[in-house]
Amino acid sequence: MPTTVRTKTATLKTLPGDDVRQIMWRYADRFDLQMLATSARAVARGPVARLVASGARNTHEWTPEKASLLKEYDASGITAAFMDSAYGGYLEGPKNMALSLTAFELAWVDGGAATASLAGCLALAPIHERGTEAQREEYMKRCSPALNPEPARGAFCLTEPLPYVGVETGLLSGKVKIVEWKEGEEPLLEVNKRGRFITNMGFANFVTAAVESADPRIKGSCMVILEETDPGIYDRGGPTKKMVHQLSSTNDPVFQLKIPASRIIGGYQVKDGVIVPHYDHAEIIEAVFRRTRVGVGLMTAAKLLSAIEPLLRYHRDRFRGGESTTPGTPRYDLGLQQKEDVLHRMLEVWATGEAAASLGFAAARIYDELDPIEKEKHRILTEQGTGRGMSAMRALRKLEPDAVKIVKEGGSSDSPLIQYLLLDSVANVLCPATKLWNTGHGANELREAVSLMGGYGITEDCPGFLVQKWTDAQLEATYEGPEAVQRRQLSATMTNEVFLAQFETWIRDLRAIASRIPATGACALATAMQMWLWTLRHLQHAKDADGNKLYQSARQGVTFPMADALCWLMSARQLILDTMELEAKGRDNPSLSEGFDGLMEFYTDLCSIQSARTAGEVGRICAELVFGYNRHTQWNDESCFHRQELVTLEAIIPGIEAVASDVVEDDGSHPSKAGPCVSFTGYAEFQALRAKMDGCVTGSQLAKDRAAESLIAVMIPAALDYPA
Amino acid sequence: MSYQIVVCAGIVPDPLQTLEPVSTPQGPALKNEAMLPAVLDPWAAHALYEANHLAKNMPGSKVYLVSLAPKAKLQQVLMTIAQKVSFELIALDGPSTGFTDSHDVAAALAAAIEAIPGLDKSRLLLFGGWESAARAAGATLSMTGERLGIREQFQGVDSLTVGSDGSFEIRERVEGGKHLVSQCSGAPAVLGWATGNLPEPPNSPQVGMQNMRTVMPALQKAKPAGVAVTQQYASVALPKQQRSTRIVRDVAAAEVARELAQWIRGAH
Ligand SMILES: Cc1cc2nc3c(=O)[nH]c(=O)nc-3n(C[C@H](O)[C@H](O)[C@H](O)COP(=O)(O)OP(=O)(O)OC[C@H]3O[C@@H](n4cnc5c(N)ncnc54)[C@H](O)[C@@H]3O)c2cc1C
């Protein structure tokens, strides 16, 4: 039976706890992940929170008290979460969800603490993803707390001092050359590399560094492992005077070291007297970042959600204790929650946090799913002799039409290569979307959260460390590839036809959800997705007023906003999907059944709020791009009627004179506006979509009013579970 | 010397939560209790840590955790507890609220303990909290002990020392910060713990994963305990004290004591 009309409003009874999260983020049956999350939480709300509260962030230096956190990570299983069981780890299978949950829990209290934990994984990731068996064996074991009382720590060094590597990572100033190559022996290399803003550098025992050949006997670029004990200079450099994430260590190091060629990550072969590394630095970086960036996006998501409880408490208690404010009065009971704007803005923060978390965990799950398929793909392609790199890409591209066909026919495939194409095309969008939207838009909403706490918000004493969380978000938006990098990547991956074919099926799925539960706003979202797709197709073919192509990589004014719009769509969609999962699985959970109606109503309303907001953003962006590249029509354009012309036409088309508005009179005068109304191919279609979308946001403000009731009614704990 | 240490522990809402008694068709309850995050009863948790410590020092000893609680909620709590110490779980499905009759709870617990395969009462140590955060009556554990026929009972225990001859020296809390020191020839005995002396063990997901192999089947097997709120309550209310929670950082115990004393003086 369709639930079109909701008569009774149930409200949220308690803040959503683990029971809710585990269902929405799909790890209700993963006890290993649940334990890791609780363990990371205890570290975050214990030692990490105490450090932040005691002002440990007020130094740039890497202090012993900050270093003590690494021991906490080792003892609580956080460090080992990255390790395979052969190397002292305890989690089986892919680790993307595990690392994401860890980052989420640590960042709930402090982003820098999360960075310090993730950076160790980042250093190992090149070795994990592309290292030789021997390299993996050695470094995973050395870094494993289960196997060493003093595990080794690493840093990942790509970024270089100005004017070298930053957003652009193609041209490296870090160099590698051969200093000695004795017959039949391993060549000895010399590496010269300077790093800038290198995390963990204050204490790292080894570094995975990107370098380029400065020697005709080494081909291209590669990544190498540098050890603090290698002969030469291993200068950590001074600490970066960063204003954020101070619980992580960041330095500008200098290396001039002699290393054996066996430190080239992934190994090499010798061809005609030339060392040819198996992997160039770009390929390794790609494999690494596509996974680690998800965790960064989830850090900002955690911070948004962590802001809810302190804000609710602040608002509710704001006037208590005042002489005339007695219990039972609205001023006492509701405090600032009497004010609609406070409630509505809180909901925007909350909905953003939920959507960001939903998006990030969806991306993490997809990588967990993709990891074994990717290995299988690699195996098959190697067997076929297709190898790696460009030739592998060409082989896969040939299969893309098959993948598209399967999606269009609603089928599935047993072929690992097709499965890979399907998943990979989605992962290639969700990962940059998580990194870009969660951190970028997330930072904006964190600023909103700080505002909602008034003057308190901007102080060090603010419960929940909101000002730190807000400013930290700026780094989350920057490191591991700033927003421009993510937009650039999306500009390419979002036009992949395999992705777009799936995107179209998602629109249909959302319509189905909308017809069952209209209050989700799935209808508005589906229309917004349709509009985005229409606009993309339009831009791919349309030209600007000067006849130049619109959708092309150099035209970031076109591609980047479309990437932004897509992020809004993906996050709002994932929130709806997770809410549907809650609907399907939550009612049977005895811990949730008591307040389930209120929980569902609230999440449904958050979906509606987020969908409406998304429709607004997408509509604005699409309209600007669709219209904005046409030159404004002039009164002397052909599209404009002259009075005399109309009089003649009236004889053939009776009534035309009455409906035409853009008319130039015989004396040259015209209506008082800039120019005749615009018109171009596709105009009517776009207008129809826009009008439809506006209609689709029906009810979204009512959803806000209803959800506001929950903010007033929800029970919150007596105090925050970590110090301020 | 080795022991079978059976720890009885219920679960309660996280102490930071605001609690409000309400009436339901099933009798009195706490508002939204099922939805609030729960923890292992803090008193019993201390007993569990002490049991773990003792078992480690007495090779061949084994710890059992017997818990009567709503199954789904207990599972969430175990995600933390099972990471801290190793034990075998015996779960009973039922309400863990303080509104049930402790007599019924004791009967259910005793029956579950009697049913432990290979139970050897001569090696049995029954541990628990000297009271619980749910009921604070301090009656359940002693009645459970009585039903199991254990007459050596100690309440408000802060330490247990096992002598070389297997005898126990037990310190129980009495008034004025003093302890009553007792000697006991050995197991079986009931020890209702106060806070003991051990810190909360750190989490270790590795330990947790090992425990889960037995914890999950135990949870699946958990039978309804047949305990319900049967008695009539004329009224239920929160204690009339004013609750004011403040979390402080790095304040010395003496400073906390001075502040409390000053506050109490000011209140008179
Ligand atoms: C605290 C901290 C920790 C870090 N940790 C590490 C680490 O461990 N390892 C490591 O290797 N690096 C690390 N970094 C470096 C970080 O990844 C870089 O700062 C980041 O990639 C941006 O490079 P950049 O600062 O040189 O910016 P730039 O390249 O100068 O870019 C500046 C801005 O210009 C614009 N822009 C630049 N290029 C383009 C383009 N092609 N298209 C459109 N717009 C563009 C964008 O707005 C961009 O944000 C860290 C940085 C910080 C601050």
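In chain A, α3 (64-75), α4 (96-109) and α5 (111-130) each give at least two residues to the lining of the second largest cavity; helices (H or I, at least four residues) and strands (E, at least two) are DSSP runs, numbered from the N terminus. The model is predicted, so local features need pLDDT of at least 70 and side-chain atom pairs pLDDT 80 or more, while totals for chains, interfaces and linings use all residues. Residues are numbered from 1 along each chain as its sequence is written, and chains are lettered from A.

A cavity is a set of points, on a 1 Å grid over the protein atoms alone, where a 1.4 Å probe fits but cannot get out, and lining residues have an atom within 4 Å of a point. A volume is the space filled by probe spheres set on the points, which are joined across faces, edges and corners. The whole structure holds 3 cavities of 30 Å³ or more.

| Cavity | Volume | Lining |
|---|---|---|
| Largest cavity | about 390 Å³ | 30 residues |
| Second largest cavity | about 230 Å³ | 20 residues |

For the second largest cavity, α5(A) supplies the largest share of the lining, 6 residues. Nearest its centre lie A:Thr79, A:Ser117, A:Gly120, A:Cys121 and A:Arg153.

In the largest cavity, B:Gly10, B:Val105, B:Ser132, B:Arg135 and B:Thr140 lie nearest the centre. The largest share of this lining, 3 residues, belongs to β6(B). By class, the lining has 16 nonpolar, 11 polar and 3 charged residues; Ala, Val, Leu, Ile, Met, Phe, Trp, Tyr, Cys and Pro count as nonpolar, Asp, Glu, Lys and Arg as charged, and the others, Gly among them, as polar.

Definitions and conventions. Side-chain values use heavy atoms; hydrogens and water are left out. On a 1 Å grid over the protein atoms alone, a cavity is a set of points where a 1.4 Å probe fits but cannot get out, and a pocket is an open set with protein on both sides within 12 Å along at least five of seven lines; lining residues have an atom within 4 Å of a point.
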